[in-house]
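Here is a short briefing on one protein model.

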Amino acid sequence: MIFKLLKHILMLLALLLAQIAWLPNMPSFASNINIILVVLIFISVVYEFYMGVVYGLFLGVMLDLYSALPFGAMILSLMITLYLVYKIFQKVLTNKSFYTLLGLTAIGTIVYSLILYAYLFVVYFSTTKDMALIRQVTTTSLQGFWWQLVFNLVSVMVLVFLFHV
């Protein structure tokens with residue numbers, strides 16, 4: 001029991017360390033990988049949804065502590081994304097195949113990015129009326145979004161390959 005708990009805690013800390021310390025120091029296009037989102041979707045689909053939610057709550061709080069966004073943005077976006085991915089998995093895509101996981105990762109990345117972008121848009125628009133700043137944030141977010149989508153799909157492919165080996 002205690003070894004299982006330690007294994008989960010060490011896995012969560014390793015994910016957090018990779019997302020906060022290692023990935024931002026990668027080259028500019030590779031720093032857009034959201035390994036936490038990929039692992040949460042993988043756990044929610046392959047293993048159990050509730051384990052993904054518990055991991056998401058813990059990792060969301062830790063990401064919020066290290067984020068420049070107001071507290072709660074990461075938790076909110078992760079929980080809404082996990083809920084929508086789970087409902088789509090239950091109602092539409094009922095098997096646990098490779099292509100289902102790819103589609104759910106793509107949908108999860110899109111939903112996560114849209115929620116964070118809408119949150120940033122509301123925060124920036126409520127504090128400033130500078131349209132140049134809002135356009136710059138939009139352009140930067142869209143450029144980073146495509147790289148994040150591609151690298152999230154590649155990382156879920158690697159994760160599935162490692163899971164089956």
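Helices (H or I, at least four residues) and strands (E, at least two) are DSSP runs, numbered from the N terminus. On that basis, the elements of the protein run α-α-α-α-α-α from the N terminus on. The count is 6 helices and 0 strands.

This is a predicted model: local features need pLDDT of at least 70, side-chain atom pairs count only at pLDDT 80 or more, and totals for chains, interfaces and linings use all residues. Residues are numbered from 1 along each chain as its sequence is written, and side-chain values use heavy atoms, with hydrogens and water left out.

**Overall shape**

- Along the principal axes, the C-alpha atoms fill a box of roughly 50 × 35 × 30 Å.

**Surface and contacts**

- The accessible surface comes to about 9,800 Å², and 75% of it belongs to carbon and sulfur atoms. Areas come from the Shrake-Rupley method with a 1.4 Å probe; for residues, only the protein chains shown count as cover.
- Of the 165 residues, 40% count as buried. Buried means under 20% relative accessible area, exposed over 50%, and partly exposed in between (1.4 Å probe, protein chains only).
- Among contacts (heavy atoms within 4.5 Å) with a separation of 6 or more, 66% join residues 24 or more positions apart.

**Helix 4 against helix 5**

- Helix 4 (residues 73–91) packs on helix 5 (residues 98–127) at an angle of about 145°, with the axes 9 Å apart. Axes are lines fitted to C-alpha atoms, for helices over the stretch in contact, and angles run from 0 to 180 degrees between N-to-C directions.
- Helix 4 supplies residues including Ala73, Leu84 and Phe89, while helix 5 supplies residues including Thr100, Leu104 and Tyr119.
- The contact residues divide into 15 nonpolar, 4 polar and no charged. Ala, Val, Leu, Ile, Met, Phe, Trp, Tyr, Cys and Pro count as nonpolar, Asp, Glu, Lys and Arg as charged, and the others, Gly among them, as polar.

**Two residues**

- Thr81 lies in helix 4. Thr81 is buried, because its relative accessible area is 0%.
- Beyond its neighbours within four places in sequence, Thr81 touches Leu37, Gly108, Val111, Tyr112 and Ile115.
- Ala118 sits in helix 5. Ala118 counts as partly exposed, at 38% relative accessibility.
- Ala118 and Gln136 are 18 residues apart in sequence and 14 Å apart in space, C-alpha to C-alpha.
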